[in-house]
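Hi,

Here is the structure I said I would pass on.

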Amino acid sequence: MLLYVTSKIIEESDKTLYLLCKKCTSDKTREMFDNIQTIRTYFSKLGMVPEIADIYLALLTYGSQSISELARHSGVERTKIYRLADEMAASNLVEVELQYKKQMYHAAPIANVQILLTKKEHELRMLQEELLHIEEVTKSVQTALPTRVQFYKGVDGLKQMFWN
């Protein structure tokens, strides 16, 4: 059964409520909507847009799909899916297969998220190391400030010089 989303009602910070038509009463569809918020939240914590969770869950639920099928099943605009699919492929969340001059997308195992987490941990460690180096540089710059020379002009300048 296809997933029919008639419209998005409310978009708040992390919550999106959907109005479903009567055709969307299958257990598979209800389960998808129960899990989508959890997956959306997790992917946003990883720095991804929430629509990636919609696409990933549609791939898991309905299997291998083309871009147009993904647009129908996930509720994400087809033109946006092209950009997001490239981002997902770079994050190892989807696998792309060429079938009869048509690209088919498969959901990669969720264990691939561990690869993404490892990359983020490595980036964080590198940033921490760079921060230590930057702290050393700023300390050396602060102590090595040259003598400051000020110029005063006119009578007001002389008054200011004697005041200091």
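Let me start with the aromatics: Y42, F43 and Y56 form one aromatic cluster. Bear in mind that this is a predicted model. Searching the whole structure turns up two aromatic pairs. In one of them, the ring centres of Y42 and F43 are 6.4 Å apart and the planes sit at 50 degrees, so that pair is tilted. Y42 is partly exposed, with a relative accessibility of 38%, whereas F43 comes out at 2% and counts as buried. F43 also pairs with Y56, and here the arrangement is edge-to-face, with 5.9 Å from centre to centre and 70 degrees between the planes. Because F43 belongs to helix α1 (residues 27-45) and Y56 to helix α2, this pair ties together parts that are 13 residues apart in sequence. Both of its members, F43 and Y56, are buried.

For orientation, here is the overall layout. The protein has six helices and four strands, and along the sequence they follow the pattern β-β-α-α-α-α-β-β-α-α. There are 164 residues in the protein, and buried ones make up 27% of them. Of the contacts with a separation of 6 or more, 44% are between residues 24 or more positions apart.

Helix α2 (residues 50-62) and helix α4 (residues 78-90) have axes that come within 10 Å and cross at roughly 85 degrees. Angles from 65 to 115 degrees count as roughly perpendicular, so that is what α2 is to α4. On the α2 side the contact is made by E51, I52, I55 and Y56, and on the α4 side by K80, I81, L84, E87 and M88. Y56, then, is in the aromatic cluster and also in this contact. By type, the residues where α2 meets α4 are six nonpolar and three charged, with no polar ones.

The other packing partner to look at is α3. Its axis is 9 Å from that of α2, and the two helices pack at about 100 degrees, so α2 and α3 are roughly perpendicular to each other as well. From α2, the residues involved are D54, I55, A58, L59 and Y62, and they meet L70, H73 and S74 of α3. This contact divides into five nonpolar residues, two polar and one charged. I55 is listed in the contact with α4 and again in the one with α3.

Within helix α3 (residues 67-74), the buried residues are I67, L70, A71, H73 and S74.

Is Q65 buried or exposed? Its relative accessibility is 1%, so Q65 counts as buried. A polar atom of the Q65 side chain lies 3.3 Å from the backbone oxygen of G63, and the side chain also reaches the backbone nitrogen of L70 at 3.5 Å. Setting aside neighbours within four places in sequence, Q65 is in contact with A58 and L59, with L70 and H73, and with Q103, M104 and Y105. Of these, A58 and L59 in α2 and L70 and H73 in α3 are also listed where α2 and α3 meet.

Cheers

Notes
Residues are numbered from 1 along each chain as its sequence is written. This is a predicted model: local features need pLDDT of at least 70, side-chain atom pairs count only at pLDDT 80 or more; totals for chains, interfaces and linings use all residues. Side-chain values use heavy atoms; hydrogens and water are left out. Axes are lines fitted to C-alpha atoms, for helices over the stretch in contact, and angles run from 0 to 180 degrees between N-to-C directions. Angles under 35 degrees count as roughly parallel, over 145 as roughly antiparallel, 65 to 115 as roughly perpendicular and the rest as oblique. Contact means heavy atoms within 4.5 Å. Ala, Val, Leu, Ile, Met, Phe, Trp, Tyr, Cys and Pro count as nonpolar, Asp, Glu, Lys and Arg as charged, and the others, Gly among them, as polar. Rings of Phe, Tyr and Trp (its six-membered ring) pair if their centres lie within 6.5 Å; planes under 30 degrees apart count as stacked, over 60 as edge-to-face and the rest as tilted. Buried means under 20% relative accessible area, exposed over 50%, partly exposed in between (1.4 Å probe, protein chains only). A polar contact is a pair of N or O atoms within 3.5 Å; within protein, one must be able to donate a hydrogen and the other to accept it, and residues adjacent in sequence count only if both atoms are side-chain atoms.
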